[in-house]
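My notes follow in the order I looked things up.

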Amino acid sequence: MNAVAPIKPPRGIKPTKETSGLLISVIRALSASETNEQREIEKAKLEKEYKRSDQRLDELVSLHEQDLTKVMQIFSTLSERVTAAREKIHAVKENLHACKQLLSCKQEELLNLWLEGIEHKHVLQLLEEASTSPEKYNLE
């Protein structure tokens, strides 16, 4: 890893359009050529450049094979971790939804118990009032 690592362009900035420009120039050259011989010459140039690019790519891959292998392993590990994390998050969301539903049920139950408690408190007050002043209710 003594070689300088390639520089990644900043996010949001599109890479230069060298390949699309090259493609357009090839299309123009083929369109402008009047004979099949000229087209064959252009085709031979393209194939030669393709082979040269392929050789250069093979050289770079073999030169940096260990680094590429290491990067692929790290990427694989990270991909597995991200997948596992997504599954865990999905499970947590489902559990939270279930808890929310249970809490809603418990909230209704608590409201009913609270109302019952208020009723009992009121009945108790009436009973205490009745026992302290029986003449008011003609209980004697």
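These entries go from the basis of the model to fold, surface, salt bridges and a nonpolar patch.

**Basis.** I am working with a predicted model, in which local features need pLDDT of at least 70, side-chain atom pairs count only at pLDDT 80 or more, and totals for chains, interfaces and linings use all residues. Residues are numbered from 1 along each chain as its sequence is written, and side-chain values use heavy atoms, with hydrogens and water left out.

**Confidence.** I checked pLDDT, the predictor's confidence in each residue, from 0 to 100. The mean for the protein is 84, and 81% of its residues reach 70 or more. Among the elements, α3 has the highest mean pLDDT (93) and helix α4 (residues 134-137) the lowest (68). Where pLDDT is low, predicted coordinates should not be read in detail.

**Fold.** I counted 4 helices and 0 strands. The order along the sequence is α-α-α-α. Helices (H or I, at least four residues) and strands (E, at least two) are DSSP runs, numbered from the N terminus.

**Surface.** How much of the protein is buried? I found 4% of the 140 residues in that class. Buried means under 20% relative accessible area, exposed over 50%, partly exposed in between (1.4 Å probe, protein chains only). The protein exposes about 13,800 Å², and carbon and sulfur atoms supply 60% of that area. Accessible areas come from the Shrake-Rupley method with a 1.4 Å probe; for residues, only the protein chains shown count as cover.

**Record.** I looked up UniProt, where an unreviewed entry lists residues 27-63 as "coiled-coil region". Such annotations may be inferred rather than shown by experiment; positions are in the numbering used here, and feature names are shortened. In the model, residues 27-63 are 92% helix and 0% strand, and their end C-alpha atoms lie 34 Å apart.

**Salt bridges.** I searched the whole structure and got 3 salt bridges. The criterion is a side-chain nitrogen of Lys or Arg within 4 Å of a carboxyl oxygen of Asp or Glu. Side chains of opposite charge can pair when their charged atoms come close.

- K45 meets E42 at 3.9 Å, N to O. Both lie in helix α2 (residues 36-63), 3 residues apart, about one turn of the helix. E42 is partly exposed, at 23% relative accessibility.
- E49 meets R52 at 2.2 Å, N to O. About one helical turn separates E49 and R52, because they are 3 residues apart in helix α2. E49 is partly exposed at 39% relative accessibility, and R52 is partly exposed at 48%.
- R56 pairs with E59, with their closest N and O atoms 3.7 Å apart. R56 and E59 also sit in helix α2, 3 residues apart. R56 counts as partly exposed at 46% relative accessibility, and E59 does at 45%.

**Nonpolar patch.** Which residues form a nonpolar patch on the surface? I noted L111, W114, L115 and I118, with about 410 Å² of accessible area together. Patches are made of residues with over 30% relative accessible area and no salt bridge: like charges are joined within 9 Å, nonpolar side chains (Val, Leu, Ile, Met, Phe, Trp, Tyr) within 5 Å. L111 lies in helix α3 (residues 65-132). L111 is partly exposed, with a relative accessible area of 46%.
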